[in-house]
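Colleague: I would like to learn how to read aromatic contacts in a model. Please take me through an example.

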Amino acid sequence: MDSVPGNSTLPSCQENSSLLSIFAFFSINRPMLELAIHKVHDEERQGEAYAPFTLDPNQYSKRFYIESYGCQMNFADSEIVASILNQQGFGATRNVEEADLIFLNTCSIREKAEQTVRKRLTEFRKLKRDRPGTLVGVLGCMAERLKSKFLEEEKLVDLVVGPDAYRTLPALVEEAGSGQKAINVLLSRDETYADISPIRLDSNGVSAFVSIMRGCNNMCSFCVVPFTRGRERSRDARSILAECRDLFGNGYREVTLLGQNVDSYYYAGAEEETGYSEPVTFARLLEQIARISPLLRVRFSTSHPKDITDEVLYTMARHENICKYIHLPVQSGSTRILQMMNRTYTREWYMAKVDRIREIMPDCSISADIIAGFCTEEEADHHDTLSIMEYARYDYSYMFFYSERPGTLAQRRYKDDVPEEVKKRRLAEIIAVQNRMSLESNRQDLGKTFRILIEGESKKSSGHWMGRSSQNKVFVFAKNGGAAGKGDYVNVRVNECTQGTLLGDIVD
Ligand code: SAM
Ligand code: SF4
């Protein structure tokens with residue numbers, strides 16, 4: 001299963017006007033595809049190896065190498081792993097050949113990730129032969145499912161560590177170093193790594209991801225996440241606020257709060273820090289973070305439509321620095337399919353939520369995740385999906401075709417009965433609708449001026465900056481010898497656009 005490049009800190013995708021037609025090409029050739037024009041699941045970062053920590057004066061005698069796959073939560077987890085390993089005297093390297101420890105932080109939401117990881121592990125085996133003593137480990141969501149396969153059957157790895165067991169890494173590394181197979185895939189009900197300060201690997205120094213919760217209790221029938229990442233738990237609000245303040249103090253100007261279902265964030269017992277005598281809900285957390293500074297932008301992902309409340313929407317509307325952008329995965333436009341997916345809302349209910357967002361924040365952009373070809377999906381259901389997309393006018397979407405995952409409710413209850421060519425054709429139709437709507441949405445911005453946070457130089461031209469609007473759209477504009485730099489806000493007037501990028505000029 002594969003997908004197309006995302007943009008995140010890699011603006012070149014947005015700058016490529018032909019990209020979406022390439023997406024369409026991929027879509028009919030790959031089993032699962034996403035059109036990634038925002039940060040949560042950034043395809044260009046898949047398999048990315050982290051650079052050594054910047055501004056780290058230490059000399060290390062031992063080094064670790066880590067490649068990350070999957071959603072942004074996994075990338076954020078790699079920063080926690082880096083922090084734990086750094087405490088043990090390991091420095092990061094991007095050169096796998098000089099690493100004493102090699103880790104793959106894996107994802108199982110997509111079938112192809114498994115094949116990619118196996119291929120990478122085989123390559124590492126050769127490397128281990130040349131450098132005896134090098135340890136190879138599998139981290140993250142694939143750990144539980146493939147532990148015996150990787151460790152015992154195929155003998156590809158020395159360590160297998162699940163997403164809730166990173167604190168035990170030092171002991172496991174020692175165990176593996178003494179020739180034993182080291183494994184910990186236990187899921188926890190309370191681990192949030194709240195006290196571990198992540199080491200920002202490869203950061204642009206402007207925007208950072210902050211995990212606010214882990215796991216998921218939702219049990220959407222297609223999804224493997226509740227099995228690989230365990231029960232939902234919210235991180236201590238005080239540690240989240242401290243991390244955000246610290247980031248702002250270190251020059252960061254944007255935080256994205258991460259969780260599988262951020263709107264169900266709930267933390268009790270932080271009165272002295274938050275000023276609230278009641279438990280901290282997501283709306284309250286958002287407000288507290290927004291108050292750190294008007295110069296700190298706040299984003300979040302992902303919202304489950306059933307949990308996003310008016311209180312959250314009004315909080316967003318009240319604070320200019322809470323970005324006007326909501327990722328609101330719909331999955332399907334058919335009530336029947338939504339029921340089988342266990343999404344707990346109907347088509348009409350979802351549409352009313354979109355109305356409510358637009359009523360409270362007319363300038364809010366909305367994106368979605370969409371699955372084509374779920375079990376029993378008929379043409380009529382598919383047309384419901386196309387029409388709900390038109391109704392919601394998504395600015396962009398992540399689009400997949402259904403891929404049965406072992407152990408999920410859907411795999412146990414339903415037959416994966418939509419033929420692959422039908423899934424691919426429907427996905428191509430969904431992509432075509434989204435491509436048209438993305439371009440239309442960008443065209444509507446022509447002539448308007450937006451406040452842009454500069455994230456860095458454009459990948460394509462050192463004479464241009466790349467930044468984002470509150471709505472999470474990517475802007476590219478000439479520097480023109482101005483004083484503005486990375487981390488600054490500028491007003492940019494839009495002159496031209498492609499499907500993925502708005503081009504303009506600073507009008508400050
Ligand atoms: N928690 C988020 C939510 O509920 O919106 C989504 C998390 S999931 C990591 C990201 C997306 O992957 C889902 O929204 C869904 O569209 C897609 N996905 C998950 N399982 C899938 C499967 N078995 N086949 C195809 N797409 C899948
Ligand atoms: Fe998976 Fe649903 Fe949880 Fe999202 S909300 S992680 S799709 S089970």
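Modeller: This is a predicted model. Start with two residues: F374 is buried, and Y402 is buried as well.

Colleague: How is a pair of aromatic rings described?

Modeller: Two quantities are used, the distance of the centres and the angle of the planes. By the pairing rule, the count here is ten aromatic pairs. One of these is formed by Y166 and Y193, with 5.9 Å centre to centre and 20° between the planes. This pair counts as stacked because its planes are under 30 degrees apart.

Colleague: Where in the chain do Y166 and Y193 lie?

Modeller: Y166 is in the loop between β6 (159–161) and α5 (169–177), and Y193 is in the loop between β7 (182–184) and β8 (207–211). They are 27 residues apart, so the pair links distant parts of the chain. Both Y166 and Y193 are buried.

Colleague: What kind of pair do F374 and Y402 form?

Modeller: An edge-to-face one, at 4.9 Å centre to centre and 75° between the planes. Distant parts of the chain are linked here too: F374 belongs to the loop between β16 (365–372) and α13 (379–392), Y402 to the loop between β17 (396–401) and α14 (409–413), 28 residues apart.

Colleague: Which residues do ring pairs link into a cluster?

Modeller: F222, F374, Y402 and Y414.

Colleague: Which rings have a charged end over them?

Modeller: Y489 has the charged end of R451 over its ring, 4.0 Å from the centre. For W465, the charged end is that of K479, 4.4 Å from the ring centre.

Methods:
Residues are numbered from 1 along each chain as its sequence is written. Chains are lettered from A and ligands numbered from 1 in the order in which they are written. This is a predicted model: local features need pLDDT of at least 70, side-chain atom pairs count only at pLDDT 80 or more; totals for chains, interfaces and linings use all residues. Side-chain values use heavy atoms; hydrogens and water are left out. Rings of Phe, Tyr and Trp (its six-membered ring) pair if their centres lie within 6.5 Å; planes under 30 degrees apart count as stacked, over 60 as edge-to-face and the rest as tilted. Helices (H or I, at least four residues) and strands (E, at least two) are DSSP runs, numbered from the N terminus. Buried means under 20% relative accessible area, exposed over 50%, partly exposed in between (1.4 Å probe, protein chains only). A charge sits over a ring if NZ of Lys or CZ of Arg is within 6 Å of the ring centre and within 35 degrees of the ring normal.
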